[in-house]
Amino acid sequence: MPPSPGQKARSRSEILQHAARLFRLRGYHATTIDDVMLAAGLTRGAFYAHFASKDALFAEIVRSGPGLLTQLRAGEPAAALRAYLDKANLGE
C-alpha cells in the first residue's frame with residue numbers, strides 16, 4: 001500500500017529538517033544521502049521518492065531556508081552565511 005499524502009508530506013519534511021541540520025554541521029560534501037536518511041529514520045530508497053539527487057535536496061533547503069535566499073539576493077552573503085551556520089539554528 002502506497003503511503004498516504006499526509007505520510008509522504010511528513011517524510012519529506014523530516015528529510016528536509018535533518019538534511020539542513022547535517023549540512024550545517026558537517027558541510028555538503030561530508031553529508032551523504034545515507035546520513036540524512038538514517039537521521040530521518042527512513043530508507044535510502046525513500047529519498048528518491050522525494051528528490052532526484054542530493055543537489056536537488058540542497059537547492060530546496062537553500063530556497064526554503066528562513067530568509068537565506070532573500071539575504072543572498074540583497075547582497076548580504078556574509079550575513080546570510082553567518083545566520084545559516086549559526087550553531088543556535090542547528091536544532092531547527
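Student: So buried means under 20% relative accessible area, exposed over 50%, and partly exposed in between (1.4 Å probe, protein chains only). Which of these is Asp-34?

Tutor: Asp-34 counts as partly exposed, because its relative accessibility is 43%. Before going on: this is a predicted model, where local features need pLDDT of at least 70 and side-chain atom pairs count only at pLDDT 80 or more, while totals for chains, interfaces and linings use all residues. Residues are numbered from 1 along each chain as its sequence is written, and side-chain values use heavy atoms, with hydrogens and water left out.

Student: OK. What does Asp-34 form a salt bridge with?

Tutor: Its partner is Arg-44, and the closest N and O atoms are 3.0 Å apart. A salt bridge here is a side-chain nitrogen of Lys or Arg within 4 Å of a carboxyl oxygen of Asp or Glu. Asp-34 lies in helix H2 and Arg-44 in helix H3 (residues 44-47), so the bridge ties together parts that are 10 residues apart in sequence. Arg-44 has 39% relative accessibility and therefore counts as partly exposed.

Student: How many salt bridges are there by that rule?

Tutor: The count is three. One of them joins the side chains of Arg-26 and Asp-35, at 2.9 Å from N to O. Arg-26 is partly exposed, with a relative accessible area of 45%, and Asp-35 is partly exposed too, at 24%.

Student: And what about Glu-60, which side chain does it meet in a salt bridge?

Tutor: That of Arg-12, with 2.5 Å from N to O. This bridge links distant parts of the chain: Glu-60 is in helix H4 and Arg-12 in helix H1, 48 residues apart.

Student: Is Glu-60 buried or exposed?

Tutor: Glu-60 counts as buried, because its relative accessibility is 17%.

Student: You keep naming helices. How many helices and strands are there?

Tutor: The protein chain has six helices and zero strands. Both kinds are DSSP runs numbered from the N terminus: helices are H or I with at least four residues, strands E with at least two. Read from the N terminus on, the elements go α-α-α-α-α-α.

Student: What share of the protein chain is buried?

Tutor: Of its 92 residues, 29% count as buried.

Student: Which residues touch the most other members of the largest nonpolar core?

Tutor: Ile-15, Val-36, Phe-47, Leu-57 and Ile-61, out of 15 residues in that core. Helices H1, H2 (33-40) and H4 (54-64) each supply at least two residues of this core. H1 gives the most, with six. Such a core is a set of buried Ala, Val, Leu, Ile, Met, Phe, Trp, Tyr and Cys residues joined through side-chain atoms within 4.5 Å.

Student: Phe-47 was in that list. What does Phe-47 touch?

Tutor: Leaving out residues up to four places away in sequence, Phe-47 touches Ile-15, Ile-33, Met-37, Ser-53, Lys-54 and Leu-57. A contact means heavy atoms within 4.5 Å. Phe-47 counts as buried because its relative accessibility is 0%.

Student: New topic, rings. How many aromatic pairs are there?

Tutor: Five. Rings of Phe, Tyr and Trp (its six-membered ring) pair if their centres lie within 6.5 Å; planes under 30 degrees apart are stacked, over 60 edge-to-face, the rest tilted. The rings of Phe-47 and Tyr-48 have centres 5.0 Å apart and planes at 80 degrees, so that pair is edge-to-face. Phe-47 also pairs with Phe-51, and this pair is tilted, with 5.6 Å from centre to centre and 35 degrees between the planes.

Student: Are Tyr-48 and Phe-51 buried or exposed?

Tutor: Tyr-48 is partly exposed, with a relative accessible area of 42%. Phe-51 is at 4%, so Phe-51 counts as buried.

Student: Which residues form an aromatic cluster?

Tutor: Phe-23, Tyr-28 and Phe-58 form one. The ring of Tyr-28 also has the charged end of Lys-54 sitting over it, 4.2 Å from the ring centre. For that, NZ of Lys or CZ of Arg has to be within 6 Å of the ring centre and within 35 degrees of the ring normal.

Student: Last one. Where is Ser-11 found?

Tutor: In helix H1, residues 5-26. Ser-11 counts as buried because its relative accessibility is 11%. Apart from residues up to four places away in sequence, Ser-11 touches Leu-42 and His-50.
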